[in-house]
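Please look over the model below before reading on.

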Amino acid sequence: MPALPRTRPAVRRSRSAVRRCAGAGAVVLTLLGAGLPAAAAAGGRQPDLTRFYRQKVRWVACREAELPKDMQCAKVTVPLDYARPDKGTVDLALSRYRATGTSRGSVLLNFGGPGGSGVSQLGLDGKDFMSLTNGYDVVAFDPRGVGRSSPVSCGESPGGSSDGGGTDEFPDIGHPQALMKALKLLTVRCSRHSGAVLSHIGTVNASRDLDVIRQALGDRKLNYLGFSYGTRLGAVYAAQFPHNVGRMALDGVDTLTESLAEQGKAGARGQQTALDDFLDWCVTDVACPFGQDRRKAGDAVVERVRSLDQHPMPSDFGGAYTGRDLVDALGQGLYGKEQWPRLERALASLIEDGDTRGVQNVASGGYALPGRQRDGGLVDSTDIPADNLTAALMAIDCADDPDRPGAEQLTRDIARLDKEYQRVSPVFGRQRLTQVLLCYGRPRGTDFIRDEVKDVSSARMLLVGTRGDPATPYPWTIETAKRLGPSAVVLDNRGDGHTGYTSSKCVHGKVDDFLLYGTLPPDGSSCPADGDGRSAVTDSPD
């Protein structure tokens, strides 16, 4: 599978992975004071969701060995189809760290993706969020179709790999008719391996699930910290359930309006900038595998990718290692400067010794091999399909995007698009375009996010944008804040990397101050580029 787009988990997937079709007429619930949906209280004019809103979470010790002993696990049951709640259910996996101080309820986390397991991520990176236990139970969850919650899958590709899409075996973009045929076959394969949840995946339904979780936890309002794709989920929730928003912080803000095609170009541009910065750094080190000449280093990366696509090398984990695989590793390793030394060593092993283990570990999501599916019920971590992250990412992004150009239009436009993408990034451009094409053959996605998520009447929300973010460009923060309206307060992180909470002490402190104490920084204020928190938040001059 190509390098994942801007919706990568905000916490690196190398530490473990980390928008359906509800239609334009999706039912937007307005909750009453008792916390039950209006539909239930209005005599059943809308589907009765009472039994889902009356459930209570029962926490137990997590039984999976890889999860910390002090973490608790639980499940919440939601309807498969909110329009027909009696036609099946889905169990959602939850995990939490209990509050150490006086608890004001729960704060829910979404680490991004889409497709990242919140349960696993909280287990691995819980220390980054322990400050929040001073006032909350810190809760993460696996959204529908993700991780332990009825995971979607595309199964093994014809070549025998579980890659979430089999794109490494797709015909080249230069053969559009063959490519369209392969994409349709992929759609059929994903549907066959994913089950009923695939038709009900996406952010609109995930947001409704989030409200059921809120009520089951016993919280009157939703307190929420979302990263990357998780900011889109939070924004959709604020539009669907504005009066249930408590303290909501969104870090690495996603776009609400741009098409997947435009998002792809923005993502390729951001990744190319990050690669250029990495090479600027790398060539100052005698160990840089691309040498010390900066221009030649850039050319060498492009040539290495093309060479591996034309002549793949044996992989240390079996199969062939291609240029697309290398692009995946580069994309993952460029998400933060702290990753650069590891990426440099992995590239050196690949180039100098022909050893693919390092670059494959950089790109690895750590998922298990494909396992058993359970209709609606939770699955064990060992049964999560190997391709779940990429399959869920593709399914959710396609479910959230209403654009579906036909084969004739794609065939006509593909050469132009290929040139545009490669002009933006000779390394990441073609991979990004391939990702955009993956929605071909799937049902048209919802219009709700693009048309209805705006001018929200919720409590004030904190939006954090990072100037050097390679995945969610800073202008998206400004655009989304304007779209959401007066409820949105922007914090400008002058640093680099994807999101700011775990890399900037200043951002971390400002987000905690808001979530724990309700203290918002001035709109348009900023955190320093060094991220060390020594400077006070300052008013932004622009």
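1. Because E420 sits in helix α13 (residues 407-424) and K265 in helix α7 (residues 260-282), the pair ties together parts 155 residues apart in sequence. Helices are DSSP runs of H or I of at least four residues and strands runs of E of at least two, numbered from the N terminus.

2. This is a predicted model, in which local features need pLDDT of at least 70 and side-chain atom pairs pLDDT 80 or more, while totals for chains, interfaces and linings use all residues. Numbering starts from 1 along each chain as its sequence is written, and side-chain values use heavy atoms, without hydrogens and water.

3. E420 and K265 also belong to a network of salt bridges with E262, R412, D413 and R416. The whole structure has 26 salt bridges.

4. Another of them joins D142 and R148, at 3.4 Å from N to O. D142 is buried at 0% relative accessible area, and R148 is buried at 4%.

5. N110 is in strand β4 (residues 106-110) and is buried, at 4% relative accessible area. Beyond four places away in sequence, N110 touches residues including F141, P143 and Y224, contact meaning heavy atoms within 4.5 Å.

Key: Buried means under 20% relative accessible area, exposed over 50%, partly exposed in between (1.4 Å probe, protein chains only). A salt bridge is a side-chain nitrogen of Lys or Arg within 4 Å of a carboxyl oxygen of Asp or Glu.
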